[in-house]
Amino acid sequence: MMTLRSKLLSAVLSLLLVLAFTASLMFAAGVLPVVLWTDALIFALLAFIILTIVYGANTPHWRTPWRKVKQLRAGMAAAVILVCFALVALLDSIHFRLPVTGDARATTFGRYQPETLSILDVLGTRLRTQVETSYSAPFAWTGYVKETFEKADGTTVRDFPRLRHAAAHLADPARQRWPDVFTSVGVGLVLAGALTFVLFLIVAVFTARANKVAVKHEAACILRGKSQTPWRVILVTLGAMMGFVVCVALLAPKYHVLGTDKIGQDVLWQAIKSVRTGLVIGTLTTLIMLPFAVLLGVMAGYFRGWIDDVVQYTYTTLNSIPSVLLVAAAVLMVQLYIDSRQEVFDSAQRADLRLLFLCMILGVTSWTGLCRYLRAETLKLRESDYVQAAQALGVSHVRILLRHIVPNVMHIVLITVVLDFSGLVLAEAVLSYVGVGVDPAMDSWGNMINRARLEMAREPMVWWSLLGAFSFMFVLVLAANLFADAVRDAYDPRSRV
């Protein structure tokens with residue numbers, strides 16, 4: 001039987017093997033892997049999450065509340081949505097450069113294109129490359145603003161121009177467009193339903209074997225919602241997500257589902273690319289915040305005295321400074337440093353470095369709330385009988401902190417982290433809106449909202465950029481809040497039976 005240490009080691013080695021295999025495939029395909037700072041931190045965070053899952057699965061006081069999370073319908077539905085968003089972010093975090101086309105020595109001499117792409121960019125090539133001249137409404141086949149054309153007889157006429165890519169396959173878009181759209185949506189829903197049914201059969205077979213019952217009986221329990229794990233809710237949510245993805249995959253090559261912006265770029269593609277930015281802000285900021293909050297909060301509550309005074313004065317002083325001013329000052333200094341060394345960084349590296357420093361400054365300014373909670377909980381745990389007994393037996397302070405204090409405050413850490421995630425995603429949108437967020441060249445929901453501010457005031461009004469950013473952000477934040485509620489209920493002692 002594998003020990004906990006061997007399981008943790010196996011999980012890390014498995015992740016390293018997957019990354020090494022991916023890099024070897026890139027080299028074999030003739031592309032150059034590119035690792036940005038945020039890419040490295042994302043995969044480090046992924047390794048940390050995997051280790052936490054393996055550790056929690058082998059620790060009873062962690063395993064019990066998570067079993068309750070698995071039984072909550074809203075929590076599991078939200079978890080499916082969050083996993084889908086995380087998958088998009090991971091696909092957008094594997095970057096590379098393609099070799100220069102038409103040059104036989106490109107791969108041999110390392111001559112690669114300057115543009116840094118990701119796997120998501122390759123999968124969405126049609127969305128990324130089908131650029132129009134200017135604004136176009138969702139599912140439109142003409143431009144949004146009239147232009148002046150010259151006819152063959154020399155006369156001029158002012159009319160809406162035909163789009164180059166949208167509805168280009170139709171001979172009469174005015175008559176054939178909506179029947180074609182409804183047909184594509186119907187085909188997508190049928191394919192998604194078929195995939196969901198296949199997943200339903202697979203889940204029924206595996207759960208029947210695990211519970212040692214007939215497959216027919218287990219399938220009936222899933223359909224009636226009587227299974228211990230809410231598989232019906234999970235499959236319905238997953239089916240809805242697959243229906244959206246399949247429908248978009250069928251419609252996007254033929255239409256601009258959410259229209260285009262001022263320079264003709266697809267708004268749906270911008271919203272999808274912004275998923276990584278939102279998740280990076282929410283997760284990496286948390287990763288940077290945790291060491292400050294846990295270390296200082298536990299030390300202040302356990303040692304008390306002058307250490308407690310210093311920590312309290314530190315976070316009280318930091319709270320008295322408006323966080324927006326700190327973020328603005330840090331971002332402007334980083335921007336000045338990057339601008340003075342433009343020959344060192346390309347466009348992707350500049351945007352990534354600014355995003356990394358934004359995460360760092362948000363993490364430095366957002367640890368104070370969790371630190372207060374941990375200090376208060378540690379003050380209570382310090383007076384408990386088992387901690388007093390350990391001190392009487394001469395156990396070192398470090399061992400007491402690691403064995404008795406930190407494990408008993410981790411539920412507060414987990415709940416606070418999950419609750420703060422949605423707030424950090426919204427913070428990026430607000431900071432980008434006021435001009436001190438991520439780089440303007442990087443796709444983010446905040447930048448989309450910032451550009452939509454002027455588009456909403458023009459005539460005719462351009463509303464679909466705001467709709468795209470709002471829809472994706474709303475779904476992500478709602479899923480994060482529902483999952484946070486499920487985690488909080490699972491760790492609440494009053495809700496335990």
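This briefing walks through the salt bridges, nonpolar cores, surface patch and strands of the structure above. The model is predicted, with local features needing pLDDT of at least 70 and side-chain atom pairs counting only at pLDDT 80 or more, while totals for chains, interfaces and linings use all residues. Residues are numbered from 1 along each chain as its sequence is written, and side-chain values use heavy atoms, with hydrogens and water left out.

A quick word on naming: helices (H or I, at least four residues) and strands (E, at least two) are DSSP runs, numbered from the N terminus. For exposure, buried means under 20% relative accessible area, exposed means over 50%, and partly exposed is in between (1.4 Å probe, protein chains only).

**Salt bridges**

- Side chains of opposite charge can pair when their charged atoms come close. The cut-off here is a side-chain nitrogen of Lys or Arg within 4 Å of a carboxyl oxygen of Asp or Glu, and by that rule there are 10 salt bridges.
- Arginine 276 pairs with aspartate 39, with 2.6 Å between the closest N and O atoms. That ties together distant parts of the chain, since arginine 276 is in helix α10 (residues 267–303) and aspartate 39 is in helix α2 (residues 37–57), 237 residues apart. Both partners are buried.
- Glutamate 115 and arginine 128 make another bridge, their closest N and O atoms being 3.8 Å apart. This pair also links distant parts of the chain: glutamate 115 sits in the loop between β2 (95–97) and β3 (117–118), and arginine 128 is 13 residues away in helix α6 (residues 125–129). Glutamate 115 counts as partly exposed because its relative accessibility is 44%, and arginine 128 is partly exposed too, at 24%.
- Lysine 380 meets glutamate 377 at 3.3 Å, N to O. Both belong to helix α14 (residues 368–382) and are 3 residues apart, about one turn of the helix.
- What about exposure in that last pair: is glutamate 377 buried or exposed? Glutamate 377 is buried because its relative accessibility is 15%, whereas lysine 380 is exposed, with a relative accessible area of 55%.
- Leaving out neighbours within four places in sequence, glutamate 377 is in contact (heavy atoms within 4.5 Å) with Val409 and Ile412.
- Asp92, Asp121 and Lys273 are joined in a network of salt bridges.

**Nonpolar cores**

- In soluble globular proteins, nonpolar side chains tend to be buried together. A nonpolar core here is a set of buried Ala, Val, Leu, Ile, Met, Phe, Trp, Tyr and Cys residues joined through side-chain atoms within 4.5 Å.
- Which residues touch the most other members of the largest core? Trp445 and Phe472 do, out of 52 residues.
- Two or more residues of this core come from each of α3 (60–71), α4 (73–91), α9 (231–251), α10, α16 (397–433), α17 (445–455) and α18. The biggest giver is α18, with 13 residues.
- Setting aside neighbours within four places in sequence, tryptophan 445 has contacts that include Ala271, Val275, Val425, Phe472 and Leu476.
- Another core, of 24 residues, lies apart from this one, and its members include Ala300, Tyr302, Val387 and Val409.

**Nonpolar surface patch**

- Phe470, Phe474, Val475, Leu478 and Leu482 make a nonpolar surface patch of about 440 Å². Patches take residues with over 30% relative accessible area and no salt bridge, joining like charges within 9 Å and nonpolar side chains (Val, Leu, Ile, Met, Phe, Trp, Tyr) within 5 Å; the areas come from the Shrake-Rupley method with a 1.4 Å probe, and for residues, only the protein chains shown count as cover.
- One of the patch members, leucine 482, lies in helix α18 (residues 464–491). Leucine 482 is partly exposed, at 34% relative accessibility.

**Strands**

- Two strands pair if DSSP finds at least two bridges between them.
- An open antiparallel sheet has 3 strands in the order β1-β2-β3. β1 (32–34) and β3 stand at its edges with a single partner strand each, so one side of each has no neighbour in the sheet.
- β2 and β3 are joined by 2 bridges, and phenylalanine 96 has leucine 117 in β3 as its bridge partner.
- Elsewhere, β4 (residues 147–150) and β5 (residues 156–159) run antiparallel, joined by 4 bridges. Glutamate 150 has threonine 156 in β5 as its bridge partner.
- β4 and β5 form a hairpin with 5 residues between them, and glycine 154 in the turn has a positive phi of about 95 degrees.
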